[in-house]
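Trainee: I would like to go through the labels used for this model and ask what stands behind each of them.

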Amino acid sequence: MSNLFVELKTPVTGAYKQPTGLFINNEFVEGVDKKTFEVINPATEEVICSVSEATEKDVDLAVAAARKAFKGEWRKVSPAQRGRLLNKLADIAEQNTDVLAAVESLDNGKSITLAKGDVAGVVGCLRYYAGWADKVEGKTIDIEPDMFHYTRHEPIGVCGQIIPWNFPLLMLAWKIGPALATGNTVILKTAEQTPLSGLVFAQYVKEAGFPPGVLNIISGFGKVAGAAISSHMDIDKVAFTGSTVVGRQIMKAAAASNLKKVTLELGGKSPNIVFNDADIEQTISWVNFGIYYNHGQCCCAGSRIYVQEGIYDKFVAAFKARAEANKVGDPFHPETFQGPQVSQLQYDRIMGYIETGKKEGATVATGGARHGDKGYFIQPTIFTDVTNKMTIMQEEIFGPVCAIAKFKDEEEVIELGNDSTYGLAAAVHTKDLNTAIRVSNALHAGTVWVNCYNLLNTALPFGGFKASGIGRELGEAALANYTQNKSVAIRLGGAMFG
């Protein structure tokens with residue numbers, strides 16, 4: 001076996017072949033400097049394997065391959081054929097659901113059940129944008145009788161994409177789907193914590209028939225490879241999903257280099273609002289899913305829970321019982337709902353927020369401690385007796401930690417819900433349609449769920465208000481991130497000016 005592949009095992013797949021190189025120009029290669037880094041299993045704290053680390057030199061090679069493809073063979077591929085290639089890629093991913101999900105669980109720590117759901121989302125996303133590939137249309141504009149005007153939506157060019165560790169495969173699909181459908185080429189950097197599933201997926205790119213250089217997938221660190229992508233003078237657009245702090249750095253680098261176009265899907269501190277008339281049993285299930293799904297490592301997690309005073313005590317008791325019933329443990333156990341946090345760094349950060357909450361006077365209703373003695377597991381945690389000015393109510397924790405506050409009326413909860421620098425998502429639970437619409441319209445958030453939570457759909461745009469980002473992922477809206485509008489004006493005849 002090549003030194004760019006290792007044999008690994010999972011309970012789902014048994015032995016499988018794991019690529020460890022950088023995927024550039026349709027081949028796995030070593031990094032120029034031959035650097036590697038270790039990948040840690042968050043459930044056991046043991047090393048899974050080592051993978052090649054991309055440096056600035058490797059980014060240069062990937063960008064050169066992407067530029068050559070964009071100017072050459074990829075430009076000759078028709079929109080309909082781009083759609084067929086994306087559909088083929090989706091088919092191969094679907095055929096390999098078990099291995100992709102298993103690697104995601106191994107690498108990220110999410111439950112195998114949720115990981116299989118992620119792979120289904122990948123397949124759906126790729127097929128959705130395959131359908132759009134030949135439907136990106138300009139228009140003619142009738143302005144003057146002796147002129148012919150039309151517009152074209154042209155690809156931007158070489159796109160740098162930087163994805164996070166919480167949904168490695170889904171974020172990969174969200175990024176490459178609209179970019180490839182609209183005729184761009186891509187260099188995508190996976191998160192350093194979770195490179196394995198992206199490398200497995202990379203094998204399918206060549207198998208699906210994409211020309212060399214169209215999609216390049218590299219592993220590396222944000223401060224090196226990510227920074228090189230953000231500031232590269234031959235990358236035309238950068239897309240990033242991750243923290244607001246890093247998003248600001250990327251935007252500065254993009255502006256300081258070649259003023260490349262930027263889309264950012266950033267953090268959140270989403271309010272989950274429960275009115276007196278809500279169906280308690282249903283609401284408890286959705287609120288639980290809203291915060292503890294994906295170990296709480298979700299940018300749109302409903303971490304600020306506001307409950308109307310008439311049902312507050314009943315809600316807290318019921319939600320506490322529901323949170324304590326969540327199965328925390330081995331990601332490969334079929335009953336597991338919550339796996340470990342992704343890394344020691346993330347574990348320590350979350351535990352630090354829990355201690356801050358205690359010091360600032362909040363009450364731990366349940367959880368607040370480590371789960372077990374091995375792996376980065378944290379108990380599902382609920383804080384009560386909180387104020388909106390507490391750190392745990394203002395800063396993104398990105399873990400299985402939420403806080404419940406009481407509110408009196410609609411006017412108050414709208415003010416509380418909007419009291420945040422973030423604006424990614426929100427939810428409203430009520431049986432009153434008028435209340436649902438009024439509050440949804442008043443909340444400063446890119447997505448508002450009513451009587452549910454975390455129900456994302458490829459056809460529905462997703463993105464944030466305020467410090468939660470710029471631009472939209474998914475839906476038709478995402479196509480605008482990867483096209484630029486050209487106006488063409490043709491003079492048909494007649495007298496000249498002057």
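Trainee: What makes the charged end of Lys237 count as sitting over the ring of Tyr482?

Mentor: A charge sits over a ring if NZ of Lys or CZ of Arg is within 6 Å of the ring centre and within 35 degrees of the ring normal. The charged end of Lys237 lies 4.4 Å from the centre of the Tyr482 ring and is over that ring. Arg75 is placed likewise over Phe70, at 4.6 Å from the ring centre. This is a predicted model, where local features need pLDDT of at least 70 and side-chain atom pairs count only at pLDDT 80 or more, while totals for chains, interfaces and linings use all residues. Residues are numbered from 1 along each chain as its sequence is written, and side-chain values use heavy atoms, with hydrogens and water left out.

Trainee: Why is the pair of Trp74 and Phe210 called tilted?

Mentor: Rings of Phe, Tyr and Trp (its six-membered ring) pair if their centres lie within 6.5 Å; planes under 30 degrees apart count as stacked, over 60 as edge-to-face and the rest as tilted. The centres of Trp74 and Phe210 are 5.9 Å apart and the planes are at 35 degrees, so the pair is tilted. The two residues are 136 residues apart, in the loop between α1 and α2 and the loop between α6 and β11. Helices (H or I, at least four residues) and strands (E, at least two) are DSSP runs, numbered from the N terminus.

Trainee: How do you know that Trp74 is buried?

Mentor: Buried means under 20% relative accessible area, exposed over 50%, partly exposed in between (1.4 Å probe, protein chains only). Trp74 has 2%, so Trp74 is buried. Phe210 is also at 2% and therefore counts as buried.

Trainee: What makes Phe167 and Tyr293 a tilted pair?

Mentor: Their rings are 5.8 Å centre to centre, with 35 degrees between the planes. Phe167 is in the loop between β9 and α5 and Tyr293 in the loop between α9 and β15, so the pair ties together parts 126 residues apart in sequence. Phe167 has a relative accessible area of 7% and is therefore buried; at 13%, Tyr293 is buried too. Ring pairs join Phe167, Trp286, Phe289 and Tyr293 into a cluster.

Trainee: Why is Glu265 called buried?

Mentor: The relative accessible area of Glu265 is 3%, so Glu265 is buried. Glu265 is found in strand β13. Beyond its neighbours within four places in sequence, its contacts (heavy atoms within 4.5 Å) include Cys299, Phe462 and Glu473.
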